[in-house]
Structures are given as structure tokens and as C-alpha cells.
Amino acid sequence: MIEIRFHGRGGQGAVIASNILADAAFREGMEVQAFPYFGVERRGAPVTAFTRIDTKPIRIRSEIKEPNIVVVLDESLLSAVNVTNGLKPNGLVLINTAKNPEDFKHLKAKIATVDAKSIAVNNKLGSKTAPIVNTAILGAFAKATGLVKLETVMECARDGTPVKKDENANAVKEAYEQTKM
Amino acid sequence: MSTTSIEKTEKHTTTTKTGVKKVMHGNYAASYGAKVARAEVIAAYPITPQSQVVEKIAEFTSSGEMKAQYIKVESEQSAMAALITASQTGARTFTATSAHGLTLMHELLMWASGARLPIVMVNVNRAMAPPWSVWAEHTDSIAQRDTGWMQFYCETSQEILDTIIQCYKVCEQEDIMLPALINEDAFYLSHTVEPVEVPHQELVDKYLPPFNPKPELTLNPDHPAVFGSLSKPDEWYPEFRWMIHEAMERAKKRIKDADSEFGKIFGRSYGGLLDLYKCDDAEVVLMCAGTLASTTREAIDELRNEGKKVGLARIRTFRPFPVEDIRALAEKVQAIGVMDRCFTFGYEGPFFTEVKGALYHANNKPKLKGYITGMGGRDVDVQLVKKIFADMYKVKDGKQDAETVWVDLKADVNNMNAWLKVR
Amino acid sequence: MKIEIKSMKDLPMLPKTLETTIGVYNTGAWRSAKPILHEDKCNKCYICWKFCPEPCIRIKDDKGNEITPKIDYFYCKGCGICANECPKKAIEMVMEA
């Protein structure tokens with residue numbers, strides 16, 4: 001079983017990201033489970049969401065305490081929340097940032113980065129001050145982990161977003177190409 | 001999701017002989033259940049974490065996919081009042097609510113069962129305030145124990161959808177005619193996305209006939225009558241109540257039959273009243289309801305790999321309470337632990353009380369212990385369930401230090417996973 | 001027509017009235033004034049039937065034919081609403097001895 005934890009701020013689409021990832025893995029024949037840690041849902045507040053992927057039906061229904069992969073949609077959360085809490089040894093941390101993986105050695109984990117913010121702004125997803133980075137970060141997820149195919153994530157991003165389906169799919173693709181590991 | 005675009009792309013689905021599988025959360029599973037069960041009148045009021053159930057139904061009715069009348073009401077009490085009347089005219093009715101919404105309906109729940117109306121309602125189990133909480137707890141539905149409604153507790157989103165269909169089939173039988181409450185845990189089911197198969201409409205229609213009550217029992221201008229009139233102590237109140245009791249008892253077998261018939265058509269069934277997992281040779285069995293059971297199955301498999309003979313008896317129906325099934329289970333098992341996701345102040349966990357009560361007149365009385373777990377949505381993981389099984393082994397071996405305990409409380413800084421004894 | 005319930009076996013499945021009440025209650029005995037319908041003034045508008053709170057006014061016979069309203073005095077409590085509402089003033093409230 002692979003357990004993924006998403007960290008974002010309300011309005012960035014962390015919960016939808018966890019659902020789109022579940023949908024993508026499902027379409028590729030895997031068993032999935034995705035759910036938010038439901039907290040105060042307002043713009044800006046830290047949000048945590050989870051996705052589980054397995055080859056057999058998932059019966060555990062509790063929080064993910066030891067994720068294999070952590071996805072950080074907002075760089076500022078790194079100083080506010082202990083995003084690597086419980087991360088398994090050799091776990092991966094994927095961060096939305098303009099910086100490079102080397103800049104995060106202090107996290108003591110495998111790092112992948114993508115400038116999801118710029119990609120979202122270029123594709124006019126959200127606004128310049130509050131870009132919606134979830135689809136971009138999923139493109140980077142596909143590249144960094146190889147758990148799901150790019151085409152599947154693009155298709156699910158189309159189906160999982162209410163508007164700007166082409167732009168969202170494009171954000172997935174651009175992020176896939178620009179992921180640094 | 002926004003309701004500005006209702007795009008129906010069916011690519012993201014897997015079609016089987018019995019249905020179409022897609023990822024969705026428990027709340028949408030409830031919406032699809034009401035849709036394929038062909039509910040005709042829906043009246044509901046939004047409350048976290050139920051809102052998506054009725055939002056989706058509103059989408060279905062406004063697009064015409066679902067031929068139902070959707071009544072917007074100003075409170076949950078109004079919702080139940082509207083459904084009581086609609087059901088009394090012979091319409092198939094559905095609603096959903098949670099916690100404070102459910103308790104607001106309490107008075108009318110009594111009416112629905114007294115009036116013998118087969119209303120089906122999904123309740124998202126959420127803790128009661130204060131303190132304010134939107135997370136999973138069973139207090140809201142347990143508090144409706146005496147309303148005369150059947151009560152089901154679901155373990156998976158699939159079970160929510162399937163149980164809605166099964167409930168109409170049982171409830172609308174002319175010698176049952178009682179309402180049913182279908183419970184799903186907040187967030188663990190309501191907001192958890194997982195694969196769910198929506199059964200093909202033609203197969204559901206074969207399994208579930210239209211609601212067809214006798215005309216003289218409905219609000220019908222050709223059969224004018226007054227419903228719910230006076231009944232004096234020496235005339236008929238106890239007799240009407242006895243008739244409800246008989247219907248509830250009859251329902252036990254009907255629920256089992258509906259579940260196994262569903263299994264034959266759709267390939268899925270849920271254990272009837274008491275869902276047993278690896279109990280045949282179990283020394284120690286845990287009983288619980290809702291998603292606690294799902295996590296418990298995982299713990300059982302891990303313990304079985306270590307050689308421990310443990311099992312799960314999931315309470316699927318709280319009403320009618322599976323007295324006979326529990327006594328049959330007790331014949332084979334040495335110790336039973338009951339996990340309650342609620343507590344009755346002034347006594348103990350209600351599931352524990354009822355299991356204990358059922359076993360008083362049993363031939364074989366296993367050792368019993370009650371565990372209060374997951375109140376206010378506190379997470380119950382595999383590790384905690386394994387600890388409870390370990391404690392049950394002590395109980396089995398005669399080293400029981402408490403009748404019932406609350407587990408995993410932050411009692412003080414030195415004891416942040418405390419087990420506190422009730423008695 | 002008064003339907004007698006002797007035991008639980010005679011009860012309908014749910015609590016509904018068969019006449020005015022579930023049991024046989026001679027609420028007509030509570031009257032002090034009795035409504036008398038003067039058929040010559042009646043135009044069968046059935047407003048009295050619509051307003052009767054009990055209901056204890058019949059407007060169809062056993063075969064389903066519409067008839068001049070017939071008041072069931074076993075149940076009628078003499079509230080006088082029918083007399084008050086009749087547009088033809090065809091109903092007269094008469095004090096009973």
C-alpha cells in the first residue's frame with residue numbers, strides 16, 4: 001500500500017488533488033481511498049488530505065500517520081506545519097517551489113520540486129495572488145513517482161475540475177515536464 | 001463540485017454485468033442509491049457533513065435524470081413533516097441529515113413509525129455539541145433508539161448505496177411498513193472517495209418493485225379518513241404498539257432475505273443483521289458498528305498471521321437488535337469485546353449494554369468487556385484495535401480488571417493514551 | 001355505519017379512523033344544539049361537507065351517487081360550523097331537549 005499525504009491551504013485544491021489522484025489510480029486498475037482531514041475550511045487555513053493506493057481493497061479507515069509520499073502545495077507551510085511528520089524512511093517530499101531540490105536537504109528525505117505556482121498562473125488557474133496549483137502538482141507527482149501515467153492524470157484533471165478543463169490538463173503536462181528531482 | 005457544469009463523461013468508469021464502477025465519496029453513494037431506488041419525494045435541509053447527498057440529488061432532479069419532487073424546506077423538522085405526508089399519500093420518500101439535524105427531527109421520527117410509514121433516511125453520524133464537532137460519533141443515531149425506526153450501520157460507501165435499495169424492499173412490504181435509518185460515519189465514509197459500483201437501473205427495478213401501499217391506508221380522496229386520531233387507554237393504543245413490535249420482529253428475517261437476494265443478483269451482501277468475519281474458530285471476538293469494523297478486519301488479518309484466533313461480529317442492524325444471532329455467536333466464543341463509538345452518561349456504552357442484555361438469557365455466556373473508542377471522531381487505527389484484542393485475551397484468561405473502559409484519552413501529560421476505567 | 005373493533009385482530013394496520021374515531025365513541029351525545037338541513041333550500045354545493053371538522057356529513061350513498069348532504073347524528077357534536085358556512089342558510093341549529 002502506498003500512502004500519500006497532501007498539505008495545502010484552503011483554496012489551493014488539496015482535497016480535489018487527493019481525489020483526482022485516487023481517480024487516476026482507479027482508472028489504471030488500482031484500489032484507492034482518498035479523504036480530507038476536515039478542518040476549518042476557509043481560504044488560507046492549512047488543509048491536509050490523504051490518498052491510499054493498493055492492489056487489494058483498502059479496509060483501513062483511519063488517518064495516515066506514516067506516509068510514503070508527502071505533497072506540499074504551499075511552500076510557506078514548511079515553516080508552519082511539520083510536513084515530514086511520520087514520513088517513512090526513503091520517503092518522497094514533493095514541493096511547489098521555484099527553488100531546487102538541493103535547497104531542501106534539511107528535510108532529510110528524497111525531494112522533488114516544481115514551480116506549480118508559475119505554471120498555474122501561466123494557465124490562468126486561480127489568480128496571481130491565489131493560484132490553484134493542484135493540477136500542476138499532480139503532473140509533478142506523476143513524473144516524480146511513476147505511480148500513475150501522465151495521460152491518466154490529464155484525463156482525470158479534466159473530469160475532476162469544474163471549469164477550465166483544457167488549462168488544467170495543460171498545467172498537468174507542463175508540470176510533468178518541469179519537475180526537478 | 002460546482003453545479004454550473006454537470007458534465008457526464010462516462011469514460012472514467014468500469015462497466016460490469018451488475019453496474020458501473022467509479023470513484024465517489026459516501027455521500028454521493030447515498031445520492032446514487034436514492035436515484036436508482038427511484039425515490040419520488042425528497043425533502044431535506046443541509047448540514048455538514050451531509051450536504052453533498054442532497055446537492056447531488058438536486059442536480060439529478062433538475063437535470064431530469066431523476067424523476068422526483070425535491071422540496072426545499074427551512075429545517076430538518078419540516079423535512080420530516082413533509083416526508084410523513086408524502087409517504088402517507090403512497091410516495092417513496094428519502095432524506096438525509098446528521099447529528100443536530102437528526103435530533104431536531106426526533107419528535108417526528110416517533111410519528112413516522114407510529115404511522116407505519118416506510119421512509120428511508122441516511123444519517124451521517126456526527127458528534128453532538130457542545131463542544132462543536134463535525135467528526136464521527138454514534139450518539140446522534142443511538143439517541144433515536146426508541147423511535148421505532150430500523151437502524152443500519154454501514155462499513156463502506158458501497159454498503160450505503162446497496163442498503164438504501166435493500167431498505168425500501170424490506171420497509172415497503174405490507175406487513176412491515178416501518179421507516180429505516182441508514183448510518184454512515186462522518187468523513188470516514190461521507191467524504192472518503194473510493195470505488196463504488198452504481199447498479200444498473202434494470203437490475204434494481206427487477207429487485208425493487210414500485211411502492212404500492214393499499215389505497216385505504218393512504219391519504220386518498222376515494223378513501224377519506226383521519227390519520228393518527230385518538231386512542232384511549234382501554235381502547236387500542238397498546239395494541240397498535242404491539243403490532244409495530246410484531247413488524248419489527250418479522251423484519252429480522254426479511255432483512256436477511258433481502259440481503260441474500262441482493263447478493264445473488266449483484267454479487268454483494270452484508271451479513272444480514274450481524275456480519276461475521278472469521279468467527280467460526282475464534283476465541284475472542286470484537287463487536288462494533290460502522291467504519292470501526294473495516295479497520296478491525298485489517299487488525300484481525302494481522303493477528304491471524306501471528307496465530308491469534310480472533311474474529312469480528314459487525315452489528316449491521318441496531319434495530320431490530322440481532323438477539324438470536326448474538327446468542328448463537330456466544331455458543332462458540334470465549335470472550336466478546338464491544339466497541340462503542342458513543343456513551344450513555346450515567347451508565348455505559350449503549351451497544352455494550354444491549355449485547356450484555358441479549359446474553360443474559362443465553363445458554364453460554366462469554367466473558368464481556370466494553371471499550372469506548374473514537375468519540376468526537378478520534379482516530380481508531382489498526383494499532384489501537386490490536387491493543388484492544390490483546391486486552392481481550394487477558395479478559396478471556398480471567399484477568400479482567402474492568403467491566404468497561406474509555407480508551408485513548410489524553411488524561412495527563414504523562415498519560416496521553418490513557419485507558420480510563422468506568423467500573 | 002359504525003365499524004366495531006372487538007379485538008386487535010379487527011384493527012387497521014395503522015392508526016386511522018374508520019369513522020370519526022378509531023373506537024366507537026358516541027360523540028353525538030355531547031351535543032346541545034342539533035343541525036337540521038332543510039332539503040328544499042339545499043343546492044348540493046357541499047360547502048357544509050367541506051367545512052365539517054369531524055367529518056360527519058355524507059354526500060354520497062353506498063353506491064357512490066351524489067346525494068343531499070346527510071348528517072350523521074351519532075357523531076355530530078353540534079359545533080354549528082355547517083350552519084354558519086351554508087350560503088343558502090339551509091341548515092338550522094335547533095336546541096335539543
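**Exercise 1. Describe how helix 13 of chain B lies relative to the strands around this helix.**

Solution. Helix 13 (residues 382-396) of chain B lies across strand 11, strand 12, strand 14, strand 15 and strand 16 of chain B. Its direction runs at about 130° to strand 11 of chain B. Axes here are lines fitted to C-alpha atoms, for helices over the stretch in contact, and angles run from 0 to 180 degrees between N-to-C directions. Helices (H or I, at least four residues) and strands (E, at least two) are DSSP runs, numbered from the N terminus.

Before going on, note that this is a predicted model, where local features need pLDDT of at least 70 and side-chain atom pairs count only at pLDDT 80 or more, while totals for chains, interfaces and linings use all residues. Residues are numbered from 1 along each chain as its sequence is written, and chains are lettered from A and ligands numbered from 1 in the order in which they are written.

**Exercise 2. Work out the strand order of the open sheet in chain B, and find which strands stand at the edges.**

Solution. Step one: seven strands of chain B form an open sheet with mixed pairing, in the order 10-12-11-14-15-16-17. Two strands pair if DSSP finds at least two bridges between them.

Step two: strand 10 (274-277) and strand 17 (418-421) of chain B each have a single partner strand, so one side of each is left without a neighbour in the sheet.

Step three: on average, neighbouring strands of this sheet are turned by 25° against each other, direction ignored.

Step four: helix 10 of chain B also packs on the sheet, where this helix touches strand 10, strand 11 (284-288), strand 12 (310-315) and strand 14 (335-340) of chain B. The direction of helix 10 makes about 170° with that of strand 12 of chain B.

Step five: look at one pair up close. Strand 15 (residues 367-372) and strand 16 (residues 404-409) of chain B run parallel and are joined by three bridges. Ile372(B) stands opposite Trp406(B) in strand 16 of chain B.

**Exercise 3. Find which chains touch, and what chain B brings to its contact with chain A.**

Solution. Two residues are in contact if their C-beta atoms, placed from the backbone, lie within 7 Å. Of the two pairs of chains that touch, chains A and B have the most contacts. Here 24 residues of chain B meet 21 residues of chain A. Helix 10 of chain B gives the most to this side of chain B, with five residues.

Next, twelve residues of chain C are in contact with 20 residues of chain B. Finally, no contact joins chain A and chain C; their closest C-alpha atoms lie 42 Å apart.

**Exercise 4. Describe the two domains of chain B and how they meet.**

Solution. An automatic or database domain assignment sets the bounds: domain 1 (14-266) and domain 2 (274-421) of chain B. Taken over C-alpha atoms, their centres are 28 Å apart. Contacts link 29 residues of domain 1 of chain B with 19 residues of domain 2 of chain B. On the domain 1 side, helix 9 of chain B gives the largest share, five residues.
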